[in-house]
Amino acid sequence: MLFPVSRGNQEERDDQVKARGFWVGLVLVLIGGLAGCTSPAQPAAVLPAHGTPATEPSPEETPPSTPPLSPENQRLADLGLALYPEEPEKGPLPANEKGRIMVLMYHRITDDGKDQRWTRTPEDFRHDLEILYERGYRPINARQFIDADWDVPPGYTPVVLTFDDSTPGQLAFTPGEPPQTLEEAVARLDPDSAVGILVAFHQRHPDWKLRATFFVNGNALFGVPAEEKIKLELLDALGFEIGNHTYSHASLKNISAEATAKEMGLNQKVVQDLVPGYKLRTLALPYGIWPHHMDEALSGTYEGIPYENEAFFLVGSNPALPPGDPKYDPYRIPRIQVVDEALQLDTTFPYTWLGYFDRHPENRFVKGD
Ligand SMILES: [Zn+2]
């Protein structure tokens, strides 16, 4: 019985006739469809050509054309990652482009329990990202900072995440042979490495872009020689910056002019040999120690390879003034070390400076429209 019996007889009969007609029609359609699928002799004109609609949509039904993806989003899509919002939402804070910006400094991301002063555990690092995100901070690269390229939506505060020494916990893959392609490298990221954590965070929060600067030493690139090339290529492809931290982590105070040029130029050479054409623009001073031979530290040529450090980043200890401020000095950009609260160092992130900006919003940089 297709319909409830309580309805009137005539009405029920009419319904039954209609229903019979419906089922007969449906069976005929199915038979016709099957014949169309199985019979090679079916006239082509009966079926629409592959991929074209049976009827043309009227003009008002035409869907709006989708704008093309930005090159960066296309690259992320090709790597199987979440995309950045093309039009990010405006943030909650009033503009203040005269405020300061935190340049955060990380060294080791690991839970091996050693060298706590220079270590952040993966769990702590995830927590750092969460509190920055919740409080309206969004990441930019160090080179964007020196260019005053405030690549965050209006109403948000840029923050620069920097990683020194190219330590293994910053960028690692799951066990196995070195990945052969960037897609494989993304899929095999160690979820507890800094890059693995940043990528996972971006997938959950696409408006947290893949931005951070890795100040690398060419003689020790993330611990696995066979993976150096794919790792540097991956950093560049994802949108991160590779920065200069000298070839061998030399203290620049006590070495000759020639040795200073070698520390800079050889590091540039190693990186551009692995990522053709890549130019290091920013330098983190090893130990925060000022170079004795400033000319060679700034720019020069080593074995035919030109190099130039457009800005120096220090070790400690305040939020940085932005370019354009009368007191801005590109060769003395301060950074804030990120350490565990238990160490009770009073010039560190997150506990000291987040609270400071809560009490002094007038000193916090917020991007305008
Ligand atoms: Zn260092």
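**Notes on helix H3 and its surroundings**

1. Start with what H3 sits on: its buried residues pack against S2, strand S3 (119–120), strand S4 (137–140), S5 and H6. Bear in mind as you read on that this is a predicted model.

2. Which residues of H3 are buried? They are Phe 125, Leu 129 and Leu 132. Looking down the axis of H3, the buried residues fall within an arc of 70 degrees, so they line one face of the helix. On the face turned away from the buried side of H3 you'll find the exposed residues Glu 123 and Glu 134.

3. After H3 comes Gly 136, with a positive phi near 85 degrees.

4. H6 (residues 194–204) is worth a look from its own side. Its buried residues are Ala 194, Val 195, Gly 196, Ile 197, Leu 198, Val 199 and His 202. The cover over them includes strand S1 (103–106), strand S2 (108–109), helix H3 (122–134), strand S5 (157–164) and helix H5 (182–187).

5. On to the core. The largest nonpolar core has 71 residues, and those with the most contacts inside it are Val 103, Leu 104, Tyr 106, Val 160, Ala 194, Phe 214 and Phe 313. As a general point, nonpolar side chains in soluble globular proteins tend to be buried together. Take Val 160: leaving out residues up to four places away in sequence, Val 160 touches Ile 101, Val 103, Leu 104, Ile 140, Ala 142, Phe 145 and Thr 213.

6. Trp 150 is in the loop between helix H4 (142–146) and S5. Why does Trp 150 count as buried? Because it has 21 C-beta neighbours inside 10 Å, and the cut-off is 20 or more. Neighbours within four places aside, Trp 150 is in contact with Ile 140, Pro 158 and Lys 367. Trp 150 and Gly 368 are 218 residues apart in sequence, yet their C-alpha atoms are 9.5 Å apart in space.

7. Finally, the whole chain. There are 10 helices and 12 strands, and 34% of the 369 residues count as buried. Of the contacts with a separation of 6 or more, 69% come from residues 24 or more positions apart.

Key:
Residues are numbered from 1 along each chain as its sequence is written. This is a predicted model: local features need pLDDT of at least 70, side-chain atom pairs count only at pLDDT 80 or more; totals for chains, interfaces and linings use all residues. A residue is buried if 20 or more other C-beta atoms lie within 10 Å of its own, exposed if 12 or fewer, and partly exposed in between; C-beta atoms are placed from the backbone. Helices (H or I, at least four residues) and strands (E, at least two) are DSSP runs, numbered from the N terminus. Two residues are in contact if their C-beta atoms, placed from the backbone, lie within 7 Å. A nonpolar core is a set of buried Ala, Val, Leu, Ile, Met, Phe, Trp, Tyr and Cys residues joined through C-beta atoms within 7 Å. The arc is that of the directions from the helix axis to the C-beta atoms.
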